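Here is a short report on one protein chain and its ligand. Look at the structure first, then read on.

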Amino acid sequence: MATPAADSERARTIPLDEIDVSAPDLYVRDAAHPYFARLRREDPVHYCARSAYGPYWSVTRFNDIVAIDTNHKVFSSDASVGSFVLDDATLNPVNGGIFLPNFLGMDPPRHDIHRMAVSPIVAPQNLARLESTIRKRTQHVLDGLPVGEAFNWVDRVSIELTTLMLATLLDFPLEERRRLTRWSDVVTASPGTGVIDTWEQREKELRECEACFRDLWNQRSRQPPRPDLISMLAHSPAMQNLSAEEFLGTVVLLVVGGNDTTRNSMSGGVLAQHLYPGEYAKARADRSLVPNMVSEIVRWQTPILHMRRTALEDVEFRGKRIRKGDKVAMWYISGNRDEEVIERPEEFIVDRPRARHHLSFGFGIHRCLGNRLAELQLRILWEEVLERFSRVEVVGEPVRVPSNLIRGFVDLPVRLHA
Amino acid sequence: MPKITYISSDGAEHVVDAENGLSAMEAAVRNNVPGIDGDCGGMAACGTCHVYVDRAWLGKTGAAREGVERDMLSVTDGAADNSRLACQIALTEELDGLVLRLPSGQH
Ligand code: HEM
Ligand code: FES
């Protein structure tokens, strides 16, 4: 599970200008770390002239990422000038993709209006209401797992729990919940990575998603307001004139934002405690460490590898000349391993001081809206796992997602010890 | 260097010598005042720096500003008429002695 030796060697010797950290295969092998370590040291704001996504800048140090992420006036997320991910085809109608506009891809003032419309769903009062439902479901899922037998944690636990949660937030029919999982996977997929075969297939499936949510929207807008996301959107004055595209884009943001990320934190946490059994023992002996452990899991895993911005004007940044229109990738995965800011960053340490100080949820006006919900789900999961199992053993090589956006797992074979 | 007093919901006082030009959120975070996280980096987007301004000081700090600050407070637990986002209070000598109270249950 360590970085392949070939990558460590290549990262050391390759000319700087040939480093391309956007290549998805790096993430299948979990081999990007040594490249980022070199960039942080030798060329922290790095220009890659040629990649599958065109030329782009990489920002790799913790504090530089914070500086870009909080400067939305210069570094825009707006779909009209680019995208918030490196691959334009994920959200824009280019190279086979379709247009999926949403407020993560908007600058103020429109961003603020849309964000405020959905904020109440994750307000603390609403989360308090959800806690007992989440706990009951988590207990139910964990109690149904076989002890002493190998199974895929991703499918049986991570996907199951996050999809149940998402179905609850959206008040989506529970028995159809795996459609949400599928759509979430389809959004960030491109042909050839195993999820979809063609762009046409992707579009077709996303149109089905749109039609399904359109029905729910129509139904909820006729009923009195309820505390689910679709009802909130349907009754929000700011959201009345959403185009079909904006509607689909907003749904997609909530589905992917709340699903892949939390799912992969649930899996990443298992890998972390397997590699650092002493840390699991620490948390087992002192359950008050769980909230801190959750932050550490989210940092260690970094479920969103990068967010991208587009420069709105020529700017000088850390001695580099970034030009209007340039793509700028903030590599959270690198910032979260920045040894200048985080001590022993590659290690998983459940009682790490200031564990909440990480980049996984971003910074600035687009700072993750769902972080408290994600933390709540993870806290409950680990409280219940620690209660039941002396050890969660990873018994085979993890299979990772081929993506430079989502850092996650397809398969994580485990065996539970009573 | 204005002196700022942060009072937690359990009554514990944290007195901080703040550098001029910092926000009341930054001064708290740099000095490890518990109960102020400043998750969004000071962009009025997360609500984790909510404070109640001691009423004697409201005239100097002013009330929450129209726009993003008011909007954010409207979805923050327990917001009152003396609520502010600490990240939106710029510290100056004028505010030397400022007293801010922290809501309960803010991380
Ligand atoms: C561990 C889990 C999660 C991680 C790592 C994560 C990560 C992120 C990141 C990196 C951003 C962009 C921040 C930036 O550009 O500065 C973001 C934004 C967002 N996230 Fe999350 N997220 C998680 C869970 C959730 C959940 C559970 C929800 C839904 C309830 C959610 C909803 C959103 C939304 C709506 C935005 C857009 C905010 C905006 O543009 O104003 N996220 N998230
Ligand atoms: S720091 Fe986020 S609102 Fe003040």
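The report covers the ligand site and then some aromatic pairs.

This is a predicted model, in which local features need pLDDT of at least 70, side-chain atom pairs count only at pLDDT 80 or more, and totals for chains, interfaces and linings use all residues. Residues are numbered from 1 along each chain as its sequence is written, chains are lettered from A and ligands numbered from 1 in the order in which they are written, and side-chain values use heavy atoms, with hydrogens and water left out.

**The ligand site**

Around ligand 1 there are 27 residues (near means a heavy atom within 4 Å). Among the closest are A:His111, A:Arg309 and A:Cys368. The shell has 14 nonpolar, ten polar and three charged residues. Helix α11(A) gives the largest share, six residues.

| Residue | Part of the residue | Distance to an oxygen atom of ligand 1 |
|---|---|---|
| A:Arg115 | side chain | 2.8 Å |
| A:Ile365 | backbone | 3.5 Å |
| A:His366 | side chain | 2.7 Å |

**Aromatic pairs**

The structure holds ten aromatic pairs over all chains (ring centres within 6.5 Å; planes under 30 degrees apart are stacked, over 60 edge-to-face, the rest tilted). The ring centres of A:Phe172 and A:Trp183 are 6.3 Å apart with planes at 85 degrees, so this pair is edge-to-face. Both residues, A:Phe172 and A:Trp183, are buried (under 20% relative accessible area, 1.4 Å probe, protein chains only). A:Phe172 also pairs with A:Phe213: the centres are 5.6 Å apart and the planes at 35 degrees, so that pair is tilted. A:Tyr27, A:Phe36 and A:Trp331 form one aromatic cluster.

How values were computed: Polar contact = N/O pair within 3.5 Å; in protein donor to acceptor, adjacent residues only side chain to side chain. Helix = DSSP H or I, 4+ residues; strand = E, 2+ residues; numbered from the N terminus. Nonpolar A, V, L, I, M, F, W, Y, C, P; charged D, E, K, R; others polar. Phe/Tyr/Trp six-rings, centres within 6.5 Å; stacked < 30°, edge-to-face > 60°. Buried < 20%, exposed > 50% of the residue type's maximum accessible area, 1.4 Å probe, protein only.
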